[in-house]
Amino acid sequence: TDPEKIKLGDGKDTKGTRVRVFGRVHRERKQKGIMFLTLRDGYGYMQVVLAGQLAKTYDALTLTRETSMEILGELAEVPAGAHAPHNRELHADFYKIHPGWKAAGGDDAITNRVSKDTEHATLLDLRHLTLRGETASKVLIVRDAVEYAFNVVYKELRLRKVSPPALVQTMVEGGATLFGLPYYTEEAFLTQSSQLYLETCLPSMGDVFCIEKSFRAEKSLTRRHLAEYTHIEAELDYINFDDLLNHLELVMCRVLEVALANPTVKQYIMDLNPEFEMPERPFKRMKYSEAIEWLVENNILNEDGEPHKFGDDIAEAAERRMTDIINRPIFLTHFPAEIKAFYMLKDKDDARVTESVDCLMPGVGEIVGGSMRIDQHEELMAAFKREEIDPASYYWYTDQRKYGSSPHGGYGLGLERFLAWLCKQHTVRDCCLYPRYFGRCKP
Ligand code: 4AD
Ligand code: MG
């Protein structure tokens with residue numbers, strides 16, 4: 001009978017037992033007639049030893065990296081200093097290469113297509129191959145765990161999950177970044193945010209969240225802007241601004257706890273970001289007006305090369321310098337209405353500003369944007385007018401203020417930006433499967 005089939009990261013106490021494994025050759029090294037392979041299956045890595053005849057046939061068949069193999073053998077313990085994954089190796093006594101499993105060799109070998117010297121643009125075209133690298137696969141495995149953790153934590157907090165449409169006829173975050181498309185005989189857009197739809201769910205489902213794609217036709221090439229990104233959005237009913245901030249920091253910390261409770265995920269995060277530390281609650285709170293003063297004091301100039309003044313947008317570069325110097329999560333709050341979206345509620349004590357929040361993280365800057373929403377019909381109509389938006393196509397949104405309005409607020413978190421911070425990646429492009437941005441729509 002065949003020995004038990006195990007994944008490469010599993011069965012850590014099985015030394016001495018016979019197992020059957022499947023995987024691709026991640027690395028190969030020959031030493032004194034013995035072939036040492038590192039096998040990879042997405043669940044882990046395993047060192048495999050092919051000795052004697054098995055090593056000879058490996059050569060004779062001109063097998064090479066990325067070949068898929070089925071291997072039978074016995075697990076043995078190796079000393080920690082030997083750098084074998086999980087301090088063990090598989091002493092193979094049989095292997096099989098099924099038809100089609102052999103990886104291309106020669107000029108077409110994967111090592112000739114992807115190497116340290118391959119040009120950046122080519123590497124991006126070859127994302128389907130570079131995904132097999134250790135960093136890329138760790139980031140995507142952490143991503144899976146983090147996305148799952150958001151679902152777990154929202155369930156703990158009794159939010160309900162909904163799935164708003166991606167094809168819409170309204171904008172949320174300004175017309176400049178809308179992707180338009182022909183929709184039968186009409187025009188439609190790809191959604192920029194599900195927020196307005198989430199707001200319509202409150203009366204029937206209570207607090208809600210969604211994890212959907214948002215689309216932005218961003219024309220600038222930055223390390224934190226994608227054309228298509230995963231947007232984690234939540235909307236909470238009968239709350240005030242403090243409730244919103246408390247909820248947000250609780251969610252972010254709980255998500256990290258849940259994700260890190262998985263030892264593999266914790267290991268990958270520490271591999272990718274050795275300095276990672278759990279953020280402390282409460283997060284630092286800073287008003288926009290205080291941030292402007294801070295930027296002036298620290299001689300950080302605005303986009304026109306002048307000292308910042310009230311009303312200025314805090315651009316990406318200035319924001320990142322601020323977060324890098326302060327070096328902890330910051331809730332930046334109370335932005336002026338003019339530089340924020342139409343739906344944001346004004347602060348009762350200071351009509352110049354809104355009850356809005358951006359959460360900034362070291363290394364990345366803004367990873368969350370949220371606010372309390374205007375809940376009075378007249379005030380909302382005035383906001384549409386001020387922003388010169390025709391309210392007609394928003395009838396389903398403005399109706400919410402006619403039929404039992406409520407104080408409510410919510411936020412959107414960019415999953416790729418959260419991961420860029422957590423996994424210390426230079427760009428959000430490396431935090432998604434196949435990045436989409438200006439000039440790139442493949443593979
Ligand atoms: O700040 P934004 O534009 O806010 C909204 O869309 C709100 N309607 C969300 C809400 O309240 N439900 O976007 C929210 C977050 C940003 O903080 C950022 O993390 C991410 O979405 N984001 C992007 N991520 C990658 N590429 C882009 N082009 C992004 N634009 C926004
Ligand atoms: Mg924003």
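Strand β12 (residues 228–237) pairs with strand β19 (residues 408–414) in the antiparallel sense, over seven bridges. Within this pairing, Glu233 has Gly412 of β19 as its bridge partner. Two strands count as paired if DSSP finds at least two bridges between them. Helices (H or I, at least four residues) and strands (E, at least two) are DSSP runs, numbered from the N terminus.

This is a predicted model, in which local features need pLDDT of at least 70, side-chain atom pairs count only at pLDDT 80 or more, and totals for chains, interfaces and linings use all residues. Residues are numbered from 1 along each chain as its sequence is written, while chains are lettered from A and ligands numbered from 1 in the order in which they are written.

**The sheet**
- β12 and β19 belong to an open sheet of eight strands with mixed pairing, in the order β7-β11-β12-β19-β18-β17-β14-β13.
- Its edge strands, β7 (160–161) and β13 (284–287), each pair on one side only.
- β7 runs parallel to strand β11 (residues 208–215), and two bridges join them.
- Lys161 stands opposite Phe209 in β11.
- β11 and β12 run antiparallel and are joined by eight bridges.
- Glu212 has His231 in β12 as its bridge partner.

**Helices on the sheet**
- Helix α10 (residues 316–326) lies across β13, β14 (330–333), β17 (356–361) and β18 (365–372), and runs at about 100° to β18.
- Helix α13 (residues 415–422) also packs on the sheet, where it touches β12, β17, β18 and β19, and its direction makes about 60° with that of β19.
- Residues are in contact if their C-beta atoms, placed from the backbone, lie within 7 Å.
- Axes are lines fitted to C-alpha atoms, for helices over the stretch in contact, and angles run from 0 to 180 degrees between N-to-C directions.

**Around ligand 1**
- Ligand 1 is surrounded by 24 residues (C-beta atom, placed from the backbone, within 6 Å).
- The closest are Ser193, Gln195, Gly369, Gly412 and Gly414.
- At least two residues of the shell come from each of β12, β18, β19 and α13.
- The shell has eight nonpolar, nine polar and seven charged residues.
- Ala, Val, Leu, Ile, Met, Phe, Trp, Tyr, Cys and Pro count as nonpolar, Asp, Glu, Lys and Arg as charged, and the others, Gly among them, as polar.

**Domains and confidence**
- The protein is divided into domain 1 (4–108) and domain 2 (130–431), with bounds from an automatic or database domain assignment.
- The C-alpha centres of domain 1 and domain 2 lie 45 Å apart.
- The average pLDDT (the predictor's confidence in each residue, from 0 to 100) is 95, and 100% of the residues score at least 70.
- The model scores ipTM 0.99 and pTM 0.96.

Definitions and conventions:
Contact = placed C-beta atoms within 7 Å.
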